[in-house]
Amino acid sequence: MIKPEILLAVPLIENAMAALDAQFTVHRLWEAADRDAFITSVAPRVRGAATTGATGLTADLIMRLPNLEVVASYGVGTDAIDLATCRQRGIGVSNTPDVLTAEVADFAMALLLAGARRIPQADAYVRRGDYRRDGKDQYPLTHRVRGKKVGIVGLGQIGQAFATLCLAFGMEVAWYGPRPKPGVPYRHVDDLVRLASEVDYLVLTCKGGAETAGLVDAAVLKALGIKGMLVNVARGSVVDEAALVAALADGTLGAAALDVYADEPNVPPPLLAMDNVVLQPHVASGTVQTRGAMGQLVVDNLKSWFAHRKLLTPVT
Ligand code: 8YV
């Protein structure tokens, strides 16, 4: 049987790449020395594509693939995939919901704790030899998270899993989203500036894309304030990054713990020098187990499409 040909935009976890190689003829886009010539050479034969929500698939690339039928994304977000063009062309799109929910929620809590208790900063203090130099009990005290208020932006599956963790840590939860959700046991606040002014931590778990671009702007950061901390495991695009850098630099905002940036893998250089930020390289879903499950779902969606023209986890 002739294997369907697929374009792989980014490397996936090894097992998933091996499974893809077994089922399909895989064209590895990131390895191409001349990307443009590579696309031109494989384009007519490509029937499927695999990418991530952040790397995506542009309208331009989709239009260059005349026989593209399906796009499988390795992640839950789909912000950089041109869904409108896929819809127009009748191209099926899948993502990997559910399998990463708990992992990303756990990581959001880890970031919150790391930022609030200054765990990376204290680690650096020990490594520099300052602990030995200063002696015991000299490191500045931090603030407890128990009893604090958390505002969650976007109460989807990840937001709700994170809210449950907040309750376990004795925090009070309120949330912002464009519409109230019936049956959700947390206070909905329909004004983001107001929510930010009420909470200690503002945690972003919403989707990226045009709908949420620049949602967290200078006014929101000012409302969060000097005692507040921003935690972002959503997308860098949700935050006005220049306003964030300015607010952290001038003390308008107390702290930030970030896993995502507007122009990955580029982190705004001023953030690198700041002591009140915790920076991570977009790894909230990055465990062997969760990436393994995500990779398997990419493979299973593509297999299901080419066997039955049905996706297991379609993006609707
Ligand atoms: C990435 C994510 O997909 O699920 C998402 O939307 O951003 C992540 O899980 C993952 O980092 C692979 O790049």
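Mentor: Let us start with Arg-87, a residue of helix α4 (residues 83-89). Helices (H or I, at least four residues) and strands (E, at least two) are DSSP runs, numbered from the N terminus. Please note that this is a predicted model, in which local features need pLDDT of at least 70 and side-chain atom pairs count only at pLDDT 80 or more, while totals for chains, interfaces and linings use all residues. Residues are numbered from 1 along each chain as its sequence is written, and side-chain values use heavy atoms, with hydrogens and water left out.

Trainee: Is Arg-87 buried or exposed?
Mentor: Arg-87 is exposed, and its relative accessible area is 64%. Buried means under 20% relative accessible area, exposed over 50%, and partly exposed in between (1.4 Å probe, protein chains only).

Trainee: What separates the C-alpha atoms of Arg-87 and Thr-316?
Mentor: A distance of 9.6 Å, although the two residues are 229 residues apart along the chain.

Trainee: Changing topic, which domains is the chain divided into?
Mentor: Domain 1 covers 5-97 + 289-308, and domain 2 covers 101-279. These bounds come from an automatic or database domain assignment. The C-alpha centres of domain 1 and domain 2 lie 32 Å apart.

Trainee: How many residues does each domain bring to the contact?
Mentor: Domain 1 gives seven residues and domain 2 gives six residues, where contact means heavy atoms within 4.5 Å.

Trainee: And what area do domain 1 and domain 2 bury between them?
Mentor: About 450 Å², with 49% of it on carbon and sulfur atoms. Buried area is the accessible area (1.4 Å probe) that two parts lose on being put together, summed over both. Of the area that domain 1 buries against domain 2, 69% is supplied by Ala-54, Asp-79 and Thr-290, more than by any other three residues.

Trainee: How many salt bridges are counted between the two domains?
Mentor: The count is one salt bridge, meaning a side-chain nitrogen of Lys or Arg within 4 Å of a carboxyl oxygen of Asp or Glu. The side chains of Arg-235 and Asp-79 also meet in a salt bridge, at 2.9 Å from N to O.

Trainee: Now the strands: why is β7 largely enclosed by the rest of the structure?
Mentor: Strand β7 (residues 172-176) is largely enclosed because four of its five residues are buried.

Trainee: In which sense do β6 and β7 pair?
Mentor: Strand β6 (residues 149-153) pairs with β7 in the parallel sense over five bridges; two strands pair if DSSP finds at least two bridges between them. Lys-149 stands opposite Glu-172 in β7.
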